[in-house]
Amino acid sequence: MKKPLTNTIKIGKPKILRPNFSPNVSSSQTVRSKSSSLLDSKKKDPINHEPTSTTTKTHLKGLSFPVLPMLITAKPADVDELFIKKVKQCYQICDFSKHTTDAFIIAKDDVLREILSVLKENYPKISNDEKIYNCIFSLIAIHILRTPSPIPPEWYSTYDYYMLTDQIVPREWVHFSLVYEIAIQFFSLPQFDPNACLPLCGDIIKLAIYKCRTTNDKEQKKLSKLFLVLFEKVPKLQQFAINVAIFSLTRIIYENEPFTSAKPILYALTGIIAGFPKPLKPRHLKIFHEVILPLHKNNYLRYFARELFSCVTQFLEHDHQLVIDVLKVILHNWPVMHPEKQIIFIDEIALLSSFVDETFLKECIRLICPQLMRSLNGCHAAISEKVLSMWEVNDFVWLMTIEPSVSYPLIIPTLYEVGMTYWNPEIRLIVSAVLNVLHKNNKEIFMATGENLKKLKSVSLMNGLTRAAKWKYLIITFEENPKQKRWELHLLSMLFEGLESIDPYSRKLNQS
């Protein structure tokens, strides 16, 4: 729901929220490139403990790519047979360990590209023959059915996000990429009949979800696309596909499944969730509460935060009331000792403000304001700046100003305190801009809150002076050591406001 325009920090058109998912890398730091140590890592996968390899090496002397006629020039009666021969040629796995420009590698590349071109153009037309189906599925299985390479040890760091900068692409990806495209184009053909190969389609769905654990970003995108194509073309297996994807995400949450598989699976689920009917069915709400929300607890959330937020957004498009459940999970699992994850959650809260309706507005304000003010008053300047940047977002400013009688008393005292005492002068300057925004949006409530704050400060100050007077009496009456007495009076003047006059050291400085 689009919120009405409000006064934000910056004058002019309010900014559209664009959460920052990139790691905080200073200008002096350089992006880490792929090193050989990543591929030679001995860290074992928590699920598969057997040694892994990126490809099955075959001796070059056993390869053979005889020259065959072009498919486009073949007679219609010979197209299917020639197509099968070319596909079977590509069963052979080339060895990329020596030269990437070997004659066999180039020959296989040419054959794969020809097959892909025929499937894209659907000319010459391939018939629905069982032999062709078997050949295509065999080609897919031979190239995709590989043990995924383990996650590099550096990626398990919760503070240095190597997984967002490292590029791990095997040399064999040239051929694997073409096979993925062939599979996608084959399943997208108008004449493709899923009923003729239903069990094999189910196997490819399971294989695609399993391979999502790969650390290769390019392969993850191909797997997501392959999964979505099969989901669209095979209606009988749609619920099965959702169950397989949800099961894999559940293992990430509860059974230490590699976190890398969450990104492509969530990306694929985003489009599927968008097609859920309104209102949401109980089984869809179960996915939201038992899978999507618990993923916020993952220590490596930054790797798949964008895709997770997209899934959450699609659920909220169906039912705005779910925003309360999301906020409760975020605030309950607030990462006090994890500043990077706090920044991610602050971005998500700003995003969720677009789905807050007036019917549950007050509840949302009471949920988020205390935690945001605690983060703002913390010593981490980056977190404080991120909280203050939320007042550049029109929907969040609307949320904070539409019910000022509820929100102003929760945020103005902390803003005043930060504006007066925070160690970073830039933060104090931004706080003054935020206070100005709140004043412009509702002057009456702002002034009333300020007066109440002054009264509370006065009462607090008087209570402090009463306690300090008792301590002063005890020090003067019972402390016999003059040096120790001066030191205790000095500490007392520092602990309580308004007692600067009793500080013996400050009096000596003034006299001098």
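Helices (H or I, at least four residues) and strands (E, at least two) are taken here as DSSP runs, numbered from the N terminus. The structure is a predicted model, in which local features need pLDDT of at least 70 and side-chain atom pairs count only at pLDDT 80 or more, while totals for chains, interfaces and linings use all residues. Residues are numbered from 1 along each chain as its sequence is written, and side-chain values use heavy atoms, with hydrogens and water left out.

**View 1. The loop between α3 and α4, with Asn-122 and Pro-124.** Asn-122 lies in the loop between α3 and α4, and its phi is positive, at about 55 degrees, although the residue is not a glycine. With a relative accessible area of 22%, Asn-122 is partly exposed, a class that falls between buried (under 20% relative accessible area) and exposed (over 50%), as computed with a 1.4 Å probe on protein chains only. Pro-124 belongs to the loop that runs between α3 (103-121) and α4 (130-144), and the peptide bond joining Tyr-123 and Pro-124 is cis, with omega at about -5 degrees. As background to these backbone angles, most residues other than glycine have a negative phi, and most peptide bonds are trans.

**View 2. The cis peptide bond from Lys-278 to Pro-279.** Omega for this bond, from Lys-278 to Pro-279, is near -5 degrees. Pro-279 is placed in the loop between α9 (262-274) and α10 (282-292).

**View 3. Asn-256, in the loop between α8 and α9.** Asn-256 is not a glycine, yet its phi is positive, at about 65 degrees; its relative accessibility of 54% makes Asn-256 count as exposed.

**View 4. Lys-222 in helix α7.** Helix α7 comprises residues 217-233, and Lys-222 is found within it. The relative accessible area of Lys-222 is 18%, and the residue is therefore classed as buried. When neighbours within four places in sequence are left aside, Lys-222 is in contact (heavy atoms within 4.5 Å) with Trp-173, Ser-177, Tyr-180, Glu-181 and Ile-184.

**View 5. The cysteines Cys-201 and Cys-197.** A disulfide is a pair of cysteine sulfur atoms within 2.5 Å, and a search of the whole structure finds 0 disulfides. For Cys-201, the closest cysteine sulfur is that of Cys-197, at 3.8 Å, which is too far for a bond. Cys-201 counts as buried, at 0% relative accessibility, and Cys-369 likewise counts as buried, at 1%.
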